[in-house]
Amino acid sequence: MTDLFDSAYNEISIETLPEMNVEKALFHLMNDREVLIIVLRSVADNVPNDIASFVEARKNGDIATLTREAHGVKSSLRSIGVDEIADCAMNLEKAGQQNDTSYIESHADEFVNAANSFLEKLKLALEKEI
């Protein structure tokens, strides 16, 4: 009997990540797949730290840091065609700039969960890349 996780792992690849528009990411990188993999590895290595800083800033009420981290995550994800989660980060960045703590409180968890879920799948997909 095949374990569902094993089955999902076998089917995951850069091209099958639903959150990512691979064609758009490649377009921005002059269709260079090797460069895309390098950029994706950088995102997978660095964005989790940005998200952790976002979470910590929210916990501490540090709107300036939260806003800066949302901006960084937005830029990183947008560069690889993960526009829906980047849009969430952009909205949180705007809320931070306007000191709209109500918006932040009602949308931050959804953003963090979506970003972390994507990053987990990205890391699995990157394990298959040489």
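Predicted model: local features only at pLDDT ≥ 70, side-chain atom pairs only at ≥ 80, totals over all residues.

Trainee: Why is Arg78 called partly exposed?

Mentor: Set the value against the cut-offs: buried means under 20% and exposed means over 50%. Arg78 has 25%, so the label is partly exposed. Asp87, with 33%, is partly exposed too.

Trainee: How do you know that Arg78 and Asp87 meet in a salt bridge?

Mentor: The rule asks for a side-chain nitrogen of Lys or Arg within 4 Å of a carboxyl oxygen of Asp or Glu. For Arg78 and Asp87 the N to O distance is 2.9 Å, so the pair qualifies. As background, side chains of opposite charge can pair when their charged atoms come close.

Trainee: Which residues are linked with Arg78 in a network of salt bridges?

Mentor: The network links Arg78 with Lys24, Asp83 and Asp87.

Trainee: And how many salt bridges does the count come to?

Mentor: The count comes to 10. One of them joins Glu129 and Arg33, with the closest N and O atoms 3.4 Å apart.

Trainee: Are Glu129 and Arg33 buried, exposed or partly exposed, and what makes them so?

Mentor: Glu129 has a relative accessible area of 21%, and Arg33 has 31%. Buried needs a value under 20% and exposed a value over 50%, so both residues come out as partly exposed.

Trainee: What about Glu93, why does that residue get the label it has?

Mentor: Glu93 has a relative accessible area of 9%. The cut-off for buried is under 20%, so Glu93 is buried. Its salt-bridge partner is Lys74, at 2.8 Å from N to O. The pair links distant parts of the chain, with Glu93 in helix α5 (residues 83-97) and Lys74 in helix α4 (residues 63-79), 19 residues apart. Lys74 is buried as well.

Trainee: Which residues is Glu93 in contact with, leaving aside its neighbours within four places in sequence?

Mentor: Those are Thr67, Ala70, His71 and Lys74.

Trainee: Where is Arg58, and what is in contact with it?

Mentor: Arg58 is in helix α3. Leaving aside its neighbours within four places in sequence, Arg58 is in contact with Leu66, Glu105, Ala108 and Asp109. Its relative accessible area is 21%. From C-alpha to C-alpha, Arg58 and Thr101 are 9.4 Å apart in space, while in sequence they are 43 residues apart.

Trainee: What is there to say about phi of Asn31?

Mentor: Phi of Asn31 is near 60 degrees, a positive value in a residue other than glycine. Asn31 sits in the loop between α2 (22-28) and α3. Its relative accessible area is 58%, and exposed means over 50%, so Asn31 is exposed.

Trainee: Where is Asn99, and what makes that residue exposed?

Mentor: Asn99 is in the loop between α5 and α6. Its relative accessibility is 51%, and the cut-off is over 50%, so Asn99 counts as exposed. Phi of Asn99 is positive too, near 55 degrees.

Trainee: Let's zoom out. How many helices and strands are there in the protein chain?

Mentor: The protein chain has six helices and zero strands.

Trainee: How do you know whether the radius of gyration agrees with a compact globule?

Mentor: With 130 residues, a compact globule would have a radius of gyration near 14 Å; the protein chain has 16 Å, which agrees. Along the principal axes, the C-alpha atoms fill a box of roughly 45 × 40 × 20 Å.

Trainee: How much of the protein chain counts as buried, and how much area is exposed?

Mentor: Of the 130 residues, 35% count as buried. The protein chain exposes about 7,600 Å², and carbon and sulfur atoms supply 51% of that.

Trainee: And how many positive and negative side chains are there?

Mentor: There are 12 positive and 24 negative side chains, and the centres of the two sets lie 3 Å apart.

Key:
Residues numbered from 1 in each chain as written. Heavy atoms only, no water. Buried < 20%, exposed > 50% of the residue type's maximum accessible area, 1.4 Å probe, protein only. Helix = DSSP H or I, 4+ residues; strand = E, 2+ residues; numbered from the N terminus. Rg over C-alpha atoms; globule rule 2.2 N^0.38 Å. Areas by Shrake-Rupley, 256 points an atom, 1.4 Å probe, with all protein chains shown as cover. Lys, Arg positive; Asp, Glu negative; His and termini not counted. Charge placed at Lys NZ, Arg CZ, Asp CG, Glu CD. Contact = heavy atoms within 4.5 Å.
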